[in-house]
Amino acid sequence: MTQNGYFARDTQWHPPALTPGYKTSVARSPTRAKLSFPTSLSEETGPVFGHNILGPLDNDLIHNFAAADQSAIGPRIVVYGRVLDETGRPVPGALVEVWQANAGGRYRHKKESYLASLDPNFGGCGRVITDENGCYEFRTIQPGPYPWPNGPNDWRPAHIHFSVFGQGFAQRLITQMYFEGDPMIWLCPIVGTIDDPRAVESLVAALDMTRTIPMDARAYKFDIVLRGRRQTFFENRAEGL
Amino acid sequence: MVQSLNLLKESPSQTAGPYVHIGCTPNFSGIDIYGGDLGTTMKTGPVQGTEITLRGAVFDGTGTPLRDAMVEIWQADANGIYPGNDPRGAADPHFTGWGRSPGDMETGEFTFQTVKPGQVPWRNGQLQAPHITFWIVARGINLGLQTRMYFADEVEANAADPILSRIEHQNRVPTLLAQPDGTGVYRFDIRLQGDAETIFFDI
Ligand SMILES: [Fe+3]
């Protein structure tokens, strides 16, 4: 009756709920132990998104909000990679939604208060669905770092937010991509919610000069790993709890 | 030394931050793109079963509703089949099973127009009480929170449910129950902290 469940999440690898260095977490972190159960159909299934929902510019943030014959301001980059699960298998058909600040570090949002300028040709969002090999690619401009109200002088490193759907709702994940060589990464309280430096490094995209488009855009490679699914060993064995 | 299992580590979560709506519901945040936001319509035509409205809000430890949260739900159709990739077969063709709500900008209240889900089997084949899976992200939430919503008026099914019946602290079960709030309307509030903290799932 059941499919194969997903691997349990490694709670030492993910940030804990309560991280006082990131002040907003203090009143928004559950305090009681979570209820653990093996996954069932309710978590092993998930919504399916077809490539037909995508428009031709959905994965081109340089142009998808720009006026005709205009483009967003900033260093032009390609971000590419694969969506895999923890067993290394590619995840095809994964919807990847991204959002980011403009080159000056400003978001297009009512509640944004940073004094940096809006770019009239930059919306700040894009989306793409992985191909049969789990690969995705989008074009954008490199976002700027920005200050945020937390400590007296906290800044976010340049980053792109990622929302990812796998094949099961249990794999649902939101994370952020950082850029190789950025000294701001290790100063950020939100990055600092993650304890293990290796986990932080797994969110730092590598500059890939072999995938740059000469005279156009540099490239960064960012692979995303979702929870793994158990392999079936004994198809006929009755499965209990 | 032994051979490596060659397993990868899951990408660690980072908060959705205050601007999740730019990426996930851009039209709601005033960025007209894509021809509409995903997850706003769960019914694409005449649906089978009982149509319901779900309302609620997410509250922080001070009792303040979150106005920057994003809530997603995933549920079976009226016959207990999940749309999309359920190995047991095809679901109601006019029902998506998946909804996404940014919440009202002033009150933080989320709303879903959906159908009452049918019963879905647990791992051993036993039927579970009708339920809807919730996933909550927001600024200050470091890892998206999973929980389930059950229906307070499904007394018998809830009593026999394999998860609800095994919760050690039975006095916390009501935090998972949506309450009828008028005809066809259910209210489900989620509390991140406090005496009535919602049970969250590590599933
Ligand atoms: Fe950000």
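Modeller: A salt bridge is a side-chain nitrogen of Lys or Arg within 4 Å of a carboxyl oxygen of Asp or Glu. Keep that cut-off in hand. This model is predicted.

Colleague: Which residue forms a salt bridge with R100(B), and how far apart are the closest N and O atoms?

Modeller: General idea first. Side chains of opposite charge can pair when their charged atoms come close. Here R100(B) forms a salt bridge with E97(A), and the closest N and O atoms are 2.8 Å apart. R100(B) sits in strand 4 of chain B and E97(A) in strand 3 of chain A (residues 95–99), so this pair joins two chains.

Colleague: Are R100(B) and E97(A) buried or exposed?

Modeller: Buried means under 20% relative accessible area. R100(B) has 2%, so R100(B) is buried. E97(A) has 1%, so E97(A) is buried too.

Colleague: Which residues do salt bridges that share partners join into one network?

Modeller: E97(A), R172(A), E72(B) and R100(B). E72(B) has a further link to R100(B): R100(B) is the bridge partner of E72(B) in strand 4 of chain B.

Colleague: In which sense do strand 3 and strand 4 of chain B pair, and over how many bridges?

Modeller: Antiparallel, over four bridges. Strand 3 of chain B covers residues 70–74.

Colleague: How do I read the faces of strand 4?

Modeller: In a regular strand the side chains alternate between the two faces of the sheet. Now take strand 4 of chain B, residues 98–101. W98(B) and R100(B) lie on one side, G99(B) and S101(B) on the other. These four residues are all buried, and both faces are covered.

Colleague: What about E154(B) and K116(B)?

Modeller: Their side chains meet in a salt bridge at 2.9 Å, N to O. E154(B) is in the loop between strand 7 and helix 2 of chain B, and K116(B) in the loop between strand 5 and strand 6 of chain B, so the pair ties together parts 38 residues apart in sequence. E154(B) is partly exposed, with a relative accessible area of 22%. K116(B) counts as buried at 18%.

Colleague: On to the metal. Which residues are the protein donors of the iron ion?

Modeller: Y107(A) and Y146(A) each give OH, while H159(A) and H161(A) each give NE2. They lie 2.0 to 2.2 Å from the iron ion. The spacing of the donor residues in sequence is Y-x38-Y-x12-H-x1-H. Y146(A) is in strand 6 of chain A (residues 146–148) and H161(A) in strand 8 of chain A (residues 159–164), so this pair ties together parts 15 residues apart in sequence. Y146(A) is buried at 8% relative accessibility, and H161(A) is buried at 3%.

Colleague: Why is the arrangement around the iron ion irregular?

Modeller: Start from the ideal. Four tetrahedral donors have ideal angles of 109.5 degrees. To count as tetrahedral, four donors need all angles between 85 and 135 degrees. Here the four donor atoms subtend angles of 88 to 160°, which makes the arrangement irregular.

Colleague: How many disulfides does the structure hold?

Modeller: Zero, over all chains. Check the sulfurs. For C188(A), the closest cysteine sulfur is in C24(B), 20 Å away, too far for a bond. For C24(B), the closest is in C125(A), at 9.5 Å, again too far. C188(A) is buried at 4% relative accessibility, and C24(B) is buried at 2%.

Methods:
Residues are numbered from 1 along each chain as its sequence is written. Chains are lettered from A and ligands numbered from 1 in the order in which they are written. This is a predicted model: local features need pLDDT of at least 70, side-chain atom pairs count only at pLDDT 80 or more; totals for chains, interfaces and linings use all residues. Side-chain values use heavy atoms; hydrogens and water are left out. Buried means under 20% relative accessible area, exposed over 50%, partly exposed in between (1.4 Å probe, protein chains only). Two strands pair if DSSP finds at least two bridges between them. Donors are N, O and S atoms within 2.8 Å of the metal (3.2 Å for Na, K and Ca); water is not among the atoms, so sites may look incomplete. Four donors count as tetrahedral if all angles lie between 85 and 135 degrees; four count as square planar and six as octahedral if opposite donors are over 155 degrees apart and all others between 65 and 115; anything else is irregular. A disulfide is a pair of cysteine sulfur atoms within 2.5 Å.
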